[in-house]
Amino acid sequence: MIFSLSCVVAQDSVNANDTFQNIADMPVTEEIDNSKDYPISLSENDDSSLNSNFVTDDIGSSDEQNSENTLSSDLSNEKQTQDSTVSVSRIRTEYSADYICFPGTFNVLTVTINSDVEDNFTIKLLADNQVVDSLDVQLTAGNQNFKLNDPTIRPIDETTVRGADNKKVNYTVQIYQMDNFITQNSIIADVMYNGYLGKDYAYPKSESWDWSYSTSVKGDVVFYNFKNTYSGASTGSRSESFNLRLSGGKITESYVYILYNWDHTPDDLNNRFPLLDVSFNNVDISDRLLWSSLDLANMGSTWGALKYGLLGYNVTDLVRPDKQNTIVVNRGCSTALYSSSVVTLYEKPGASYKNVYFGNGMDLLYNDYNDGNRPIKAGTKLDISMDKVTEAMWHVFAGSAHQRDANLVFNNHTFENVYDGNAETMDMFEANVTSIIKESNNISFIATTTTVVAFHQILVTTLEDTDVTVSKITTEYQNTAYAGTNNVITVSINTNYEDNYIVKLLADGKVISTQTIKLNDALNEINLIDPTIRSIDESTVGGAINNNVTYTVEVYDENVLLAKSNITVPIRYNGYLNKNFAYPTDDLEFNLNTTVTGNVLIDVLGTDAYLGSDELSANKSYEFTLSLPKNSVFVNGLLYISYNYDKTPTGYPVFNMTFNNVDISNRIVGKYRDKTNLGSYGLSWYGVIIYNVSDLIKDGSNSLDLIKVNGTSVAVYPPALIALYNETGGSLKNVYITNGADILSKTSYNKADRLVNITQNINVNIDKLKSAKWYVFAANAKDNLADLTFNGNVYSNVWSGGDAHSLQYFSSDVTSLIKDSNTVGFVSTGGGVLALQQILVVEKAKPKVVLTANDVVMLYTSGSYYSVKVTQDGNALVGKSVTFTVNGKVIVANTDKNGVAQVKLTLNPGKYTVSASYDDVKVTNNVKVNSIIKASNKKVKKSAKKLKIKVSLKKVDGKYLKGKTLKLKIKGKTLKAKTNKKGVATFTIKKNILKKLKAGKKYTYKVTYGKDVVNKKITVKK
């Protein structure tokens, strides 16, 4: 809906009786150098500027003459000619209320001649004493008006502004007859620009409209122009309210235009614009001013100072759709207000795009004071984009636009008499200019009669409808949705506009992804994610009856559906990801954890050992070479046959196998297989079969003959032989072999950029660790296909070469990385690679043997033992032979269940050193054998008849030694006695021995029990 109002515009008075006849259009200079004067001299007979300068008119007296710029003449003010009188009674400039010369354009002066005769005369116009026009006329009796042209183009500068120190022009009109001077009159005119001519003729010169702001909206533009809200010049308040109905659209931009006239705000307030406080919906928007423009007539003592103008405010966040909105203007100085204008842009789903070009500005125009018949117009140039334009609507706003006040021109097409308002209205003209619009457009607003104010212009181009198509939907692998993982759906969308669109992905009718995506004005390829994790079961196997999923892609503008397409694809697992994403196969699992005192030997044959799948019944002979160290013996032997492209209909490939001339076809201990499951190649198997040849393997050359059984269609990678051996005196090694076969590919059909790897844990005992080595096998192993990880340490691009027929292994010392629990990984980084077995060899430091024994203190004949405990790493060694050396004698004894070996000691009293040794470890101890004879020194008189000496044996093992024979020797005489039940033996030395003893002397007696000897003293007294 469009509303219009206007205001009364002040106009200086004009003599309504002046009429012009046959006045030709005078040249108007559009571009002027305001710093220069342009005097033009015309010959006295040159009348090219005015075809006819004669006007019949009565002299009017309504023009108010400036008291300073008065009409002056020569002393007589007239001259008699043949008894007749001719005089210049009046000189009038185009602005009739004052003597004003317009800069920037020519000037037309109206001269009134009074004559009482009929005769021929010449009228000359001088400007500052220079003849600028001349006219030959035939006078008749009475008053006659003539038009004279001053073609001088004077500069428009600061001196041409009203109130400034204006420059002056002395206009003189002279009358001649037959080259005889008759009379003259003069006026002094101020050089002031004419603001009614347009801003091209104002100071400072400016464009009438600024088109620097343009915007776009996918929706529409609403113009709300108030009606009958004009408010005359005052300092009061004005309120306007409106309801903006948008039918659910979303506002993107909104602007309020406050349009005014007759503004009395003085320029000395440092603000040429009116003092206005503007609020919108109770919010002060004075600081939201975006655009401002003003103009004034510049002529006349009163009206020339009053300003007309435009103020544009941004109210985008304040405007309320479908509710009342209120604009309140409070005036600080006397200002008249036209009805306001509101321009609002809003989005509307599904609508066409519109480009909106704002011409913000204004120009005060008035086709009066224009005796030169200049075109009174404001012109502008607008450059736009014509891309996709289907319609163009031109909106031009004007104040005080009466009927026949204005014509509008768009690219040379004229729209005549476009307004029908009055002095107080603000009106909007709307025109469809689709057929005449171009990329570069010339626009003019032409005033044809009274005062009119050309306000802002807005051009709205509607672009072709949005065209969106979903041209293609593809899955990561053609026509397949993956089970067990998310899926990336690639969509090709064609659009004819770059914009944000809502793209939805549906699976079986359920929305699973919604994204707002900026699409280009072209073919766009985007990836959408289906996060659904579908079960991996027997239905996901290639060749089975697969379940299907229907993917639908919908493209929206907000809630408006623009395009839609769908595909239906089977659900299968992706065997390239790893076996966690595959349906289980009938693998025969086999892993080996064992201990050897030797090491591992590996022989992998070269690529010439590859056997192609097209050799259906071919046999192939192979030779392996293993070098067994001295003092070693094989304990395990495993033969690995890896294969690809197996199409055997009954399952695993079948081979007749002979190893070292022994049939091993039935010695299969493990078998593994995998397939990609995608496409026709996805039905072929990759795998490995493991044969046990532990008892057949030998040092040096080992032969293998392989024959494909009829019906077996398979390609065989080069075989691998792995042997484990023990070595006498070798270090202890724990060997962990994990087997498998997994076809992996990072780059094949993996737009989700999933991590494609195998991860497993290997638990080992690293106590007494000496070293650790890791072996990893792969077929089709080439450059840039895989990385390996060991406890977080990455081994990058470990394979070399480019032969797809190869089988290789990688090895690395992992001593510094190994732990009790180890995480190892095989990471695919490129195309297809077959991950196979891994071996971890953990070497232990040789266990330390410890012999533990104590010194022995024993009694003679006690039969004590010398014991040694043998341990290794704190554990008792059972049944181990320990060598003892006792008093020079070597004795071997075995350890018991507690790891203890012992020998019985049968030593005479004394001190000894004994030793024990095992596995190059020796221990030495001391043994002390104590006497068991207890005897004492005795005293006897020379006169005694006999002497009894008691000698006892100490308890052995807690028991008395009864009935043991002891010997006592004294003075060459040996006596014997047996011990009683208390282990005491009594010796009686008779008189015959005693008499031989001399008084005062001491004699030694020796007691002997076996090898035990004790010497004591007998003292003889008087």
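This is a short tour of a predicted model, going from one selection to the next.

Residue numbers start from 1 along each chain as its sequence is written. Because the model is predicted, local features need pLDDT of at least 70 and side-chain atom pairs count only at pLDDT 80 or more, whereas totals for chains, interfaces and linings use all residues, and side-chain values use heavy atoms, with hydrogens and water left out.

Select β32 (468-474), β34 (487-495) and β37 (523-530), where strands are DSSP runs (E, at least two residues) numbered from the N terminus. They form an open sheet in the order β32-β34-β37, with antiparallel pairing, two strands being paired if DSSP finds at least two bridges between them. β32 and β37 stand at the edges with a single partner strand each, so one side of each is left without a neighbour in the sheet. Neighbouring strands here are turned by 30° against each other on average, direction ignored, the axes being lines fitted to C-alpha atoms. Between β34 and β37 there are eight bridges in the antiparallel sense, and S492 can be found opposite E525 in β37.

**Stop two: F455.** Now select F455, which lies in strand β31 (residues 452-463). Its relative accessibility is 0%, so F455 counts as buried (under 20% relative accessible area, 1.4 Å probe, protein chains only). Beyond neighbours within four places in sequence, F455 is in contact (heavy atoms within 4.5 Å) with residues including W209, Y260, Y338, M362 and F397.

**Stop three: nonpolar cores.** Next, show Y866, V868, F884, V927 and I989, which have the most contacts inside the largest nonpolar core, a set of 54 residues. Such a core joins buried Ala, Val, Leu, Ile, Met, Phe, Trp, Tyr and Cys residues through side-chain atoms within 4.5 Å.

Finally, select W394, F410, F415, Y419, F429 and F445, a cluster linked by ring pairs (centres of Phe, Tyr or six-membered Trp rings within 6.5 Å). The structure holds 39 aromatic pairs. For charges over rings (NZ of Lys or CZ of Arg within 6 Å of the ring centre and within 35 degrees of the ring normal), look at K388, which lies over the face of Y497 at 5.3 Å from the ring centre, and at R673, over the face of Y652 at 4.5 Å from the ring centre.

Key:
Helices (H or I, at least four residues) and strands (E, at least two) are DSSP runs, numbered from the N terminus. Axes are lines fitted to C-alpha atoms, for helices over the stretch in contact, and angles run from 0 to 180 degrees between N-to-C directions. Rings of Phe, Tyr and Trp (its six-membered ring) pair if their centres lie within 6.5 Å; planes under 30 degrees apart count as stacked, over 60 as edge-to-face and the rest as tilted. Buried means under 20% relative accessible area, exposed over 50%, partly exposed in between (1.4 Å probe, protein chains only).
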